[in-house]
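Reader: Could you take me through how the parts of one chain in this model meet each other?

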Amino acid sequence: MILTLFAIVTFVFFLSRITGNPFEREFQSTGITEEQKKELMEYYGLDKPVVQQYGIYLRELVLHGNAGRSLSRGGVSVVALYKDAFKMTLKLIIWPFLLAPIIGIPLGIIGALKRNTIVGEAAMGVAFVGYAFPAFVIAIGLILIFSYWLGWLPTMGDATLAHYILPIVSLLVRRLATVARFTRSSMLDAMTQDYIRTARGKGLSERVVAYKHALRNSLIPVVTKLGTAFIGLLTGSLVIETIFAWPGFGFTIVSAVQARDFPVIQFGVIITATIVITVNLIVDILYGVIDPRIRTEA
Amino acid sequence: MTRNIESSKNDKKTQETSSESTVHYIDTTGPAKAYIRKKSFWAKVRDLRLSIKISFLVLIVLALMTIFAEWLAPHNPYEPNLQARNNPPSLTHPLGTDYIGRDTLSRTIYALRTSVGIAMTGVIVGTLLGATLGIAAGLFKGIVDRVVSSLIDFFYAIPNILIVLIGIAVFGTETWVLIALISFARWHSTARVVRGQVYSLVTVPSVEAAIALGSTYRRVAVKHLLPNLTSVLVVDMTMKFPALIILESTLSFLGLGVQPPIASLGAMIGDGRDYLISAPLIALSPSLFLVGLVMCFQIIGDWIRDLSDVRQFD
Amino acid sequence: MSSTTITAQKLGRVVLDIRNLNVKFAMDTGTVFAVNNVNFQIHQGETVGIVGETGAGKSVTAFSVMRLLGAGGKTTRARIEGEIILKSDDGRELNVLKLDDDKLLRIRGNVVSMIYQEPMTSLNPVYTCGNQIAEVFRKDKTRYKTKQEITAASEELLDSVGIPDPKRVLRSYPHELSGGMKQRVMIAMALALKPTLIIADEPTTAIDVTIQAQILNLFQRIQEDYGTSVMFITHDLGVIAQLVDRVVVMYAGRTVEIASVYDLFEKPLHPYTKGLLKSIPKTSRKGGKREELEPIPGSVPNPANLPPGCPFHPRCEWAIDVCRSESPSIEVTENGHSVMCWRWKELQEDRG
């Protein structure tokens with residue numbers, strides 16, 4: 001696990017050095033003085049061999065928590081930059097993360113239990129359509145309708161509560177659809193199991209059979225999907241934050257890529273990988289808590 | 001022992017009564033045969049859900065549009081016409097014009113072609129790469145497997161977009177970079193799936209026998225494994241294609257994908273963002289195509305997956 | 001002559017009466033007649049064994065009695081025709097197939113209950129055994145009101161099926177128990193409300209042979225202690241010989257022979273039964289030589305593709321023309337031994 005992280009850091013680092021001095025572009029740009037150039041070269045040790053640069057970077061990162069300074073944002077510490085950005089992103093992401101299961105799971109259950117009725121098909125129809133629209137398309141559509149035509153909601157920044165709505169909805173739709181579809185298939189799967197037949201054979205009502213026996217079993221895999229959902233939200237934020245000028249994690253990375261701001265990009269990748277690995281770990285542990293079968297194999 | 005067998009034809013069975021010497025017939029003239037109707041191909045086609053048929057139709061239409069773009073587009077999609085900027089739909093320009101006067105309809109058609117082309121290349125290259133590595137891992141096992149598996153886990157740990165973003169940051173935004181990166185973006189899903197399948201296939205006696213008898217690995221791969229892999233690969237490719245299209249669109253939308261003047265669906269949507277009020281069609285028509293494409297693939301993908309699913313929910 | 005033929009008078013009152021049962025499944029490739037004109041009865045306190053190869057229709061018949069056909073016990077693809085009548089002590093008759101859903105739920109577990117083939121998958125893995133047993137007791141609110149009563153009853157129940165540490169088992173999850181234990185838990189669940197009829201679908205097939213013997217003993221005890229009627233499905237003739245009072249032999253969805261267990265083994269009337277008996281491996285020697293195993297030639301027919309006439313004719317050494325074209329009717333002898341064959345009499349008398 002740490003190994004993977006390590007590999008990723010190394011990978012990104014050397015990758016960015018492949019095309020020569022990563023700061024070449026900056027150096028070409030007009031806004032930089034000789035003084036600043038020299039300072040940068042010294043700070044990053046660009047005159048030293050690559051391996052040594054790597055060593056310096058690692059040392060700084062691990063021992064001092066210093067990941068360099070941003071090139072495109074006037075030398076702000078990368079770590080500080082990300083700290084603020086992350087807070088912003090969390091404020092946004094927490095909503096779709098909570099709302100998607102709250103709305104999606106019941107939707108999926110309806111879709112499963114009322115399979116061949118209008119209600120069930122409608123529920124799944126909604127989920128289906130929602131799934132087909134990539135987040136940014138939804139974002140555009142929503143902007144068009146709610147900002148331009150109706151003038152109800154603002155689009156840029158994060159000033160008021162109203163500013164939250166459009167980005168949240170854009171992120172929410174697809175996640176919700178995914179959760180609903182997955183819950184439904186998981187539920188259907190559970191309903192065909194032998195123990196359901198036993199439960200019916202005992203003369204338990206359909207309600208008990210479905211909500212007590214089937215549901216608990218079908219929710220287990222859904223929980224693990226929450227981890228994926230969180231990561232998906234993070235990547236979704238890349239686009240959505242850019243559209244809505246929401247100064248968060250995604251926005252930072254994208255701008256950094258656009259500006260070839262390598263220190264920022266590097267650290268962004270490292271953070272993302274760390275988060276992914278951590279989330280997976282948490283999901284594994286959660287799985288053990290929820291499924292009694294795994295528990296006793298400890 | 002049985003002696004008196006009377007032939008009283010009753011419909012009802014009266015086994016339990018205490019009539020000692022009667023023997024009863026039970027009528028079994030009920031249905032005694034089953035019949036099989038094999039459905040013809042066209043009958044099976046007719047049985048498909050409406051949504052699947054529509055999806056196929058739409059995909060065929062879109063495919064045709066992609067191939068025959070040059071004949072279909074009324075104007076040159078790259079030719080600006082500064083006199084006619086952001087025009088609403090008219091006879092000459094059915095979908096209006098964009099901000100430098102290019103015909104939206106033509107651009108959309110070409111954008112479709114670009115996006116589909118890139119995604120298609122990505123799917124093919126990614127599948128080839130992933131399948132080869134997956135087969136290698138499953139067939140040779142040992143170190144090869146460990147290396148490949150680690151690579152797969154590694155790539156799974158970083159979200160797609162990020163990989164591509166780094167690549168772009170490093171290599172720039174030329175088209176070939178884009179194509180290469182997108183191909184890379186999803187190889188691991190194929191690899192993992194193929195590897196799993198190969199693993200379960202390799203223990204099948206016929207394959208083990210072939211290996212034991214000395215067939216070269218290549219021969220084993222081709223003759224034994226490939227046929228069984230097709231279903232898995234088809235499902236995987238059907239899932240990959242919309243994913244790659246969305247990936248490319250997202251990137252182009254952010255300005256990091258195809259560069260102007262080349263049009264792709266995502267790029268047009270991104271461009272059109274600034275002109276949503278004045279010329280909404282610039283963003284809307286490619287959106288329509290994009291969503292349509294994804295939805296059709298989704299429907300078909302679900303259907304294909306249902307086909308290989310043995311469970312019956314009735 | 002055998003002096004132990006069971007005549008109609010010795011049997012108790014009828015508990016289950018299956019009449020003209022037909023079960024059809026609508027498949028993509030056509031209609032499959034899984035159960036074809038099945039008629040038999042089960043009397044109070046008797047154990048009836050249903051024998052046949054896989055696909056003969058035994059399980060389908062059994063599930064039809066509780067209307068549990070299909071994945072997870074619910075299906076819309078099966079069409080059941082005929083009557084399945086349950087008769088209670090006070091003479092009331094219920095046609096299972098025509099019951100509305102409420103009543104069906106009420107008789108399940110109370111009047112009829114079932115034990116399934118795979119204890120591994122038949123118990124819900126996320127709930128404790130105690131929880132799942134309590135569910136059955138909770139159905140009878142008059143006798144089992146409080147949690148303590150239920151727990152006490154559960155412990156007693158587990159004890160009566162031979163489980164050594166009932167308290168622990170009640171607290172355990174299914175996967176923590178061995179196969180034999182799980183099966184006992186299932187049997188306990190089936191017995192909890194003292195049903196009139198228990199249906200056991202190959203309960204020993206998925207279990208080790210050594211445990212099998214214990215489970216069979218358990219069934220014998222249940223028979224003796226509770227007087228419950230049992231429908232026991234199996235493909236193992238050894239189990240039949242040991243446990244069962246009467247036998248229903250099924251082939252391709254039809255009951256080809258019904259007899260008391262003694263009659264069946266001593267005087268089998270149907271060629272299929274005779275074949276089955278011949279293919280039991282025997283360790284005895286006849287005249288110094290070990291007898292050869294004689295399997296029945298051919299294989300079980302595909303229920304979707306049955307030949308016309310008697311379903312067994314392709315594998316029958318005595319088949320004649322009428323067998324190939326017309327399905328035989330079922331004939332019943334005076335001691336309740338029924339057989340579905342054109343030539344059973346001649347084949348009988350031949351042996352003299």
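The questions below concern the two domains of chain C in this predicted model.

Reader: Which residue ranges make up domain 1 of chain C and domain 2 of chain C?
Author: Chain C is divided into two domains, and domain 2 takes residues 123-193. Domain 1 is written as several segments, namely 11-111 + 195-282 + 293-300.

Reader: How many residues does each domain bring to the contact, and how far apart are the domain centres?
Author: Counting residues in contact, domain 1 of chain C gives 17 and domain 2 of chain C gives 12. Taken over C-alpha atoms, the centres of domain 1 of chain C and domain 2 of chain C are separated by 25 Å.

Reader: What area is buried between the two domains, and which residues of domain 1 of chain C lose the most?
Author: About 1200 Å² is buried between domain 1 and domain 2 of chain C, with 60% of that area given by carbon and sulfur atoms. On the side of domain 1, three residues together account for 31% of what that side buries, and they are N110(C), P195(C) and L218(C).

Reader: How many salt bridges and how many residue pairs in polar contact are found between the domains?
Author: Across the interface of domain 1 and domain 2 of chain C, the rule finds zero salt bridges. For polar contact between these domains, with both residues at pLDDT 80 or more, the count is five residue pairs.

Reader: Which helix supplies the largest share of the side of domain 1 of chain C that touches domain 2 of chain C?
Author: Both α2 (101-107) and α8 (209-226) of chain C supply at least two residues of that side. The residues of that side divide into 11 nonpolar, three polar and three charged. The largest share, eight residues, comes from α8(C).

Terms used
Residues are numbered from 1 along each chain as its sequence is written. Chains are lettered from A and ligands numbered from 1 in the order in which they are written. This is a predicted model: local features need pLDDT of at least 70, side-chain atom pairs count only at pLDDT 80 or more; totals for chains, interfaces and linings use all residues. Side-chain values use heavy atoms; hydrogens and water are left out. Domain bounds come from an automatic or database domain assignment. Contact means heavy atoms within 4.5 Å. Buried area is the accessible area (1.4 Å probe) that two parts lose on being put together, summed over both. A salt bridge is a side-chain nitrogen of Lys or Arg within 4 Å of a carboxyl oxygen of Asp or Glu. A polar contact is a pair of N or O atoms within 3.5 Å; within protein, one must be able to donate a hydrogen and the other to accept it, and residues adjacent in sequence count only if both atoms are side-chain atoms. Helices (H or I, at least four residues) and strands (E, at least two) are DSSP runs, numbered from the N terminus. Ala, Val, Leu, Ile, Met, Phe, Trp, Tyr, Cys and Pro count as nonpolar, Asp, Glu, Lys and Arg as charged, and the others, Gly among them, as polar.
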